[in-house]
Amino acid sequence: MISLSRFLAVLTKEFIQMRRDRLTFAMMIGIPIMQLILFGYAINTNPRHLPTLVMMGDAGPVSRAVLSGMKNSSYFDFLGTVSGPEEADQALRSGEALFVISIPAGFERRVVRGDRPDLLLTADASDPTAAGGAVGALNAIVSQAVGETLTGPLAGLAQGPPPFSITVHRAFNPAGETATNIVPGLLAIILSMTMVMITAVAIVKETERGTMETLISTPVRPLEVMVGKILPYVLVGYVQTGVFLFAARLLFDVPFDGAVMAFFWGFNLFVIVNLALGFLISTAVRSQMQAMQLSFFTLLPSILLSGFMFPFSGMPGWAQAVGTALPATHFLRITRKVMLKGAGMGDIGGEMLALGIILAVITFIALMRYRQTLD
Amino acid sequence: MTEQKPAVTEEKPIADEGHAQGAEPVIRVEGLTKSFGDKTVVDGFDMSVPRGAIYGFLGPNGSGKTTTIRMMCGLLTPNGGSGTCLGFDIVKQSRQIKERVGYMTQRFSLYEDLTIRENLDFMARMYRLDKRRQRVDAALEDLGLKDRSHQLAGQLSGGWKQRLALGAAMLHEPDLLLLDEPTAGVDPKARRDFWDEIHRLSDRGVTVLVSTHYMDEAVQCDYIAYIAYGKKLIDAPAAKIPEQVGLITYRVEGDHLVELSRELDGKPGVEQIARFGSALHISGMDETELEAAIAPYRNREGVTWQRQRAGLEEVFIHLMAQSFDNFAAPGAKPGESP
Ligand SMILES: Nc1ncnc2c1ncn2[C@@H]1O[C@H](COP(=O)(O)OP(=O)(O)OP(=O)(O)O)[C@@H](O)[C@H]1O
Ligand SMILES: [Mg+2]
């Protein structure tokens, strides 16, 4: 049976060792702050084929010209229509669509009358790199498309300024601040990096220093070792996140609009997934150096394919498939939804489920691979 | 359950006629085999260790001593063979074995970044010992580390690390001690104290399997098993080994021994020439050849010749050389003693 005394002994030992290893300790606190400052700069891209919904208040030839122009520009992919502002808002919040374009009722008539009516584009600007390029190009795209339909008696309108105006509404991140977007995502990356690496290294250290031989010559059970070694690093994750959120608020004024509990549960699940991954890595390597290399190897896809660096919706299908299998992808969505879009527990169910599945798979493989012997 | 312990009449392995008493041996392994990749490191190893015995485990570097010990306490899974340790199956019941075995590793493997006391305390908790504080205090007292108990283990000198490791292995009062070169790097006084302790434990019924490269330690063991290239070459009571091997040794004392040794070197029948302090030991297996070889020098002035029983060291060097020949020559049958 599992012994509480042995588990506590492993836990205590781990804390003592952590406290004495000053450099690692400093690194665990220093990395989040350093990364936060480094990543304050954004990497801008110009993605295309972004999911867009239409709120059709008018179906005349000019309206259709606007839509086909947007479609032909290849920036926007139309998924369908929404009936009202609530539905539009819901679609943006869930991440189903990045844009909603609203063509107001009587648009066509008012264009002909020369009223310069408003076209409203609502963009999910919590990811400004995704929205930026498309929004920038919109004016030109639409003017040109509409200009071609204005023939005959309306040809006069094609001259001069466009016969309507475009209003862009940036939902969730009104200023289009890149830092606002990148900071919640960065938390996912920092936790992926430090949690996985520290756990893998802490376990392999026992093998490398030879202390594993004495440890497993005692009656200690694998579960006591695993939980006893992992738990201290969960606390490290708490400290890191606290420091990070504080610094983010202070330096970049990043909001935290959503439910704290939703963040809390998502965060805990994500930390545990990462620790399990670190444990898995430790079963595959022999030295601390290898553990670090392998951890970095798993980190790279998390940076590139999770939607952190490049917008998820702009990636090709295979890359999205890989990204979906990464825990960072889901946690990144949780942090963006909760911090920037004010989401609550109900909005992150899909991500929580995905993290749960990933955790189950990793834990299963790790326990299969853990050796209670030296061979 | 058909097999009950008292009724079983056991065939004793031929090698150890020394302990024919009916008691169940503490360690009994048969045909133990271990390979790493395609390299067989331990090959068909048999051993039977009676309760309370001090069993010396000897062999050259890389012969498979550590590997064998690890298999006995469940740290390595054998590729072949079977056995019991303290009555438990070494493959299936390693958990029970670990509760009652004290294993001291060859390489220091306590936590260097924990203090001496923290290490002992950790081990005490691993075995869920009662009266932990008292036991740890007593161990510190015995080790003579009481005033340094708050020093990091990694800061101890090599010999002190060994002593601490031994103390940690004995903390839970195991029935069987597996000691892998426990005295490597330990000073003579501490080594003597250590062996006094081993004898005391053995008198109390603790069984000790100890690997060593020191001959003065080997002669203190009740039994010796000698292993080379993964095969056991001999396994007998320590005192009977030279006689069993049948090596003949002459001891020469006097002047100009260096020249003498050079002249005798390579002569048929002369297998080994070794220097022992101021004397020379000349050994060989074939009595007539050896006598013929040394005959011309026996009446030299200033040297005295004396035939004597071969020492353990000569015997082991002889066994090692022989097993190497067998190992090197393909097709030769290894491990066959003349
Ligand atoms: N984990 C391992 N993987 C591959 N080979 C190994 C492993 N452990 C031991 N060996 C090999 O097995 C052989 C026996 O090693 P072992 O440590 O048992 O020898 P030993 O008798 O204890 O030697 P020494 O007197 O030097 O301690 C050596 O050739 C060694 O290289
Ligand atoms: Mg060894």
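**View 1. Gly159(B) in helix α5.** Gly159(B) belongs to helix α5 of chain B, which covers residues 158-170, in a model that is predicted. Because its relative accessibility is 14%, and buried residues are those under 20%, Gly159(B) counts as buried.

**View 2. Partners of Gly159(B) from elsewhere in the sequence.** When its neighbours within four places in sequence are left aside, Gly159(B) is in contact with Gly185(B) and Val186(B). Ala190(B) stands 31 residues away from Gly159(B) along the chain, and the C-alpha atoms of these two residues are separated by 8.6 Å.

**View 3. Polar contacts of ligand 1.** Oxygen atoms of ligand 1 take part in contacts with backbone as well as side-chain atoms: a polar backbone atom of Gly62(B) is 2.8 Å from one ligand oxygen atom, and a backbone N or O atom of Gly64(B) lies 3.0 Å from a ligand oxygen atom. In the case of Thr67(B), an N or O atom of the side chain is 2.6 Å from an oxygen atom of ligand 1. Ligand 1 taken alone exposes 630 Å², of which the protein buries 66%.

**View 4. The shell around ligand 1.** Strand β2 (39-49) and helix α1 (65-72) of chain B are the elements that give two or more residues to this shell, and α1(B) gives the most, with three residues. Altogether 14 residues surround ligand 1, the closest being Gly62(B), Lys65(B), Thr66(B), Thr67(B) and Gln106(B). Sorted by class, the shell comprises eight polar, three nonpolar and three charged residues.

Terms used
Residues are numbered from 1 along each chain as its sequence is written. Chains are lettered from A and ligands numbered from 1 in the order in which they are written. This is a predicted model: local features need pLDDT of at least 70, side-chain atom pairs count only at pLDDT 80 or more; totals for chains, interfaces and linings use all residues. Side-chain values use heavy atoms; hydrogens and water are left out. Helices (H or I, at least four residues) and strands (E, at least two) are DSSP runs, numbered from the N terminus. Buried means under 20% relative accessible area, exposed over 50%, partly exposed in between (1.4 Å probe, protein chains only). Contact means heavy atoms within 4.5 Å. A residue is near a molecule or strand if one of its heavy atoms lies within 4 Å of it. A polar contact is a pair of N or O atoms within 3.5 Å; within protein, one must be able to donate a hydrogen and the other to accept it, and residues adjacent in sequence count only if both atoms are side-chain atoms. Accessible areas come from the Shrake-Rupley method with a 1.4 Å probe; for residues, only the protein chains shown count as cover. Ala, Val, Leu, Ile, Met, Phe, Trp, Tyr, Cys and Pro count as nonpolar, Asp, Glu, Lys and Arg as charged, and the others, Gly among them, as polar.
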